Amino acid sequence: MVYSKIIGIGSFVPEKVLTNEELSSIVNTSDEWITSRTGIRERHIAESGLTTSDIAAAAAKEAIKLSGLNLADIELILVGTVTPDMAFPSTSCIVQGKLGLTNAAAFDVSAGCSGFIYSLSIADSFIKSGKYKNILVIGVDLLSRITDYTDRSTCVLFGDGGGAVVLTANFENDRGVLSTHLHSEGGHNDILALQAGGSFMPTSLETLSNHEHYIKMKGSELFRYAVNYLKAVAEEAINFNGLTPGDIDLFVPHQANIRIIEATAKKLHFPMEKVFVNLERYGNTSSGSIPIALDEAYKSGRLKEGQLVLIDAIGAGLTWASSIIRW
Ligand code: ACO
């Protein structure tokens with residue numbers, strides 16, 4: 001049996017911080033509203049000129065260094081993102097060039113906020129099939145680039161950042177990805193989408209003036225899907241591995257809203273002490289959220305070797321996903 005073991009991890013967020021107080025001077029909102037409805041206090045925002053591939057490359061550099069591998073050992077780069085540098089080439093190809101990963105194939109994965117888990121699942125399958133031994137998986141988003149800072153219902157939620165892991169084929173023990181579980185349900189463009197700029201609604205002066213190049217979201221509808229689907233997909237992972245919630249050492253959910261996290265944890269009977277939360281400092285960084293949280297959990301000592309970690313996420317599509325990893 002071969003397991004995809006995480007041997008390196010890194011993350012990067014832009015330096016600039018945007019607080020709730022500062023947002024309150026831009027739109028009609030307040031620190032009290034944002035904190036009580038979402039748990040978010042501040043988020044990092046990329047200064048102009050900083051790109052998704054810059055953040056991805058910085059996180060990946062750290063992960064590769066920690067892995068002890070050489071650049072030439074990386075055989076595949078996967079980037080989960082909905083905010084690529086450009087429509088093409090892919091951000092993963094741009095990262096390949098920036099880091100000089102000369103032996104790597106590269107492609108992006110578009111799965112909304114589930115992009116990191118989807119990418120992890122693809123990487124795990126390539127390793128299990130024997131096709132590749134060493135894979136770089138990145139989750140990264142610069143949602144500030146597609147956020148309408150005149151829309152208070154969305155602009156308070158999002159931030160920028162990314163994280164990366166290096167996976168390697170482990171034949172020695174059962175440390176690594178135990179399973180991944182992916183789902184999708186189309187037909188929800190009215191709930192969460194960025195509609196303009198593609199073949200459906202090509203860029204025009206009208207789309208620009210209607211702010212259609214920005215995220216549009218019906219938050220309260222999405223909230224209901226989030227709580228139900230995240231509970232189901234977490235249970236699916238736990239049951240698939242013959243575990244109970246009590247066997248999980250740390251639950252690292254997608255960092256979208258503290259109320260979604262608390263409601264899901266309650267439904268799963270997870271005490272909050274076993275749930276990793278850092279959204280108060282980053283907001284929702286989409287595909288960046290889970291690898292940033294895993295990196296913090298590991299480097300702060302909350303996630304230790306041999307422990308079982310459960311991750312789950314839901315995002316545009318809808319897509320939702322989970323995985324259990326023996327760290
Ligand atoms: N400040 C003050 N008031 C606000 C703000 C704000 N920033 N935003 C909305 N309001 C108002 C609304 O206008 C509404 O006022 P009304 O009652 O007078 O009409 C009121 O607050 C309540 O609005 P709701 O949308 O019902 O608020 P809710 O409690 O649902 O919280 C939120 C909104 C935080 C967006 C929540 O629904 C949520 O987190 N949804 C899920 C988002 C999510 O999971 N996204 C993940 C995927 S994102 C991705 O893939 C990129």
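The model is predicted.

**Exercise 1.** Determine which residues of α8 are buried, and check the length of this helix.

*Solution.* 
Step 1. List the buried positions. They are L222, A226, V227, Y229, L230, V233, A234, A237 and I238.
Step 2. Helix α8 runs over residues 219–240, 22 residues, and at 1.5 Å a residue should span 32 Å.
Step 3. Compare with the model. The end C-alpha atoms of α8 are 31 Å apart, which agrees.
Step 4. Look just past the helix. There G242 takes a positive phi of about 65°.

**Exercise 2.** Find the buried residues of α4 and say why they lie on the same side of α4.

*Solution.* 
Step 1. Helix α4 covers residues 91–99. Its buried residues are T91, S92, I94, V95 and L99.
Step 2. Recall the helix geometry. An α-helix has 3.6 residues a turn, so residues three or four places apart point the same way.
Step 3. Identify the cover. It includes α3 (52–67), β4 (76–80), β5 (105–109) and β6 (134–142).
Step 4. Check the residue after the helix end. Just after α4, G100 has a positive phi of about 65°.

**Exercise 3.** Count the cavities of 30 Å³ or more and describe the largest cavity.

*Solution.* 
Step 1. The count is two.
Step 2. The largest cavity holds about 60 Å³ of space.
Step 3. Its lining consists of L230, F251, P253, H254, A256, N257, I260, I261, T264, D312 and I314.
Step 4. Assign the lining to elements. Those that give two or more residues are β11 (250–253), α9 and β12. The largest share, three residues, comes from α9.
Step 5. Sort by class. The lining has seven nonpolar, three polar and one charged residues.
Step 6. Link back to Exercise 1. L230 lines this cavity and is buried in α8.

**Exercise 4.** Describe the second largest cavity by volume, lining and class.

*Solution.* 
Step 1. About 30 Å³ of space lies in this cavity.
Step 2. K5, I6, R175, G176, I325, R326 and W327 line the second largest cavity.
Step 3. Two or more lining residues come from each of β1 (3–12) and β13.
Step 4. The classes are three nonpolar, one polar and three charged.

Technical notes
Residues are numbered from 1 along each chain as its sequence is written. This is a predicted model: local features need pLDDT of at least 70, side-chain atom pairs count only at pLDDT 80 or more; totals for chains, interfaces and linings use all residues. Side-chain values use heavy atoms; hydrogens and water are left out. Buried means under 20% relative accessible area, exposed over 50%, partly exposed in between (1.4 Å probe, protein chains only). Helices (H or I, at least four residues) and strands (E, at least two) are DSSP runs, numbered from the N terminus. Contact means heavy atoms within 4.5 Å. The expected span of a helix is 1.5 Å times one less than its number of residues. On a 1 Å grid over the protein atoms alone, a cavity is a set of points where a 1.4 Å probe fits but cannot get out, and a pocket is an open set with protein on both sides within 12 Å along at least five of seven lines; lining residues have an atom within 4 Å of a point. Grid points are joined across faces, edges and corners, and a volume is the space filled by probe spheres set on the points. Ala, Val, Leu, Ile, Met, Phe, Trp, Tyr, Cys and Pro count as nonpolar, Asp, Glu, Lys and Arg as charged, and the others, Gly among them, as polar.
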